[in-house]
Amino acid sequence: MNGTVRRSARAFIVSVAAFALEATAAANAQEARPTKVGTCARTTIASISGRFREKLTRPTPTDDGDGTVVNLKNNANGASYDFVEAVYNSKVGDRVLVCLVHVPTGCPEGDTRGKYYTTTNLRTLQSWTLMNDTHGCGGA
């Protein structure tokens, strides 16, 4: 093999390796849960429910509903005592962009509650901001 062909082959291998590394990093970013305020990740909706019911239902005049729970594939979950219309309009499997917007301070060691995530459904383009639990850190 002459020098030109060898350099071209080496450049090709380096390009393929760089592409593979970039693709791996992109795949990891799609499923990694954001850990710093202001960072975001792409993931999908794993489940939607009420807090006590298997299905999220719209409140009625005689039933206040039981809140909203949305679980994402990367475990950046959200919960609320309130009905959240944007979550109701979403479907399991929808692609979303989830961003960490708040991390509480002064929490007991190991208590990860109290983080707020803003999530945008990429199909409906509706967003919601929910805490990762119905109670903040150190709470009930």
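Residues 24 or more positions apart account for 56% of the protein's contacts with a separation of 6 or more; contact means heavy atoms within 4.5 Å. This is a predicted model, in which local features need pLDDT of at least 70 and side-chain atom pairs count only at pLDDT 80 or more, while totals for chains, interfaces and linings use all residues. Residues are numbered from 1 along each chain as its sequence is written, and side-chain values use heavy atoms, with hydrogens and water left out.

**Whole chain**

Start with a cartoon view. The protein has two helices and six strands. From the N terminus, their order is α-β-β-β-α-β-β-β. These elements are DSSP runs numbered from the N terminus: helices are H or I with at least four residues, strands are E with at least two.

Of the 140 residues, 28% are buried. Buried means under 20% relative accessible area, exposed over 50%, and partly exposed in between (1.4 Å probe, protein chains only).

**The core**

Select I45, V70, L72, V87 and W128. These have the most contacts inside the largest nonpolar core, which has 16 residues. Strand 1 (40–49), strand 2, helix 2 (85–88), strand 4 (95–102) and strand 6 each supply at least two residues of this core. Such a core is a set of buried Ala, Val, Leu, Ile, Met, Phe, Trp, Tyr and Cys residues joined through side-chain atoms within 4.5 Å.

Center on V87. Leaving aside residues up to four places away in sequence, V87 touches I48, L56, T68, V70, W128 and L130.

**The cavity**

Next, select V70, L72, A76, N77, G78, Y117, T119, W128 and L130. Together they line the largest cavity. Strand 2 (68–72), strand 5 (116–121) and strand 6 (127–131) are the elements that give two or more residues to this lining. The space inside is about 40 Å³. The count is one cavity of 30 Å³ or more.

A cavity is a set of points, on a 1 Å grid over the protein atoms alone, where a 1.4 Å probe fits but cannot get out; lining residues have an atom within 4 Å of a point. Points are joined across faces, edges and corners, and the volume is the space filled by probe spheres set on them.

Color the lining by class. Six residues are nonpolar, three polar and none charged. Nonpolar covers Ala, Val, Leu, Ile, Met, Phe, Trp, Tyr, Cys and Pro; charged covers Asp, Glu, Lys and Arg; the others, Gly among them, are polar.

Pick Y117, in strand 5. Y117 is buried, at 3% relative accessible area. Beyond residues up to four places away in sequence, its contacts include R33, P34, V98, W128 and N132. Draw a distance to H102, 15 residues apart along the chain: the C-alpha atoms are separated by 7.2 Å.

Move to N121, also in strand 5. N121 is buried, with a relative accessible area of 0%. Its contacts, not counting residues up to four places away, are I45, S90, D94, R95, V96, Q126 and W128.

**Two loops**

Most residues other than glycine have a negative phi. Select N75, where phi is positive, near 70°. N75 lies in the loop between strand 2 and strand 3 (78–80). N75 is partly exposed, at 49% relative accessible area.

Finish at L125, in the loop between strand 5 and strand 6. L125 has a positive phi of about 60°. L125 counts as exposed, at 65% relative accessibility.

Methods. On a 1 Å grid over the protein atoms alone, a cavity is a set of points where a 1.4 Å probe fits but cannot get out, and a pocket is an open set with protein on both sides within 12 Å along at least five of seven lines; lining residues have an atom within 4 Å of a point.
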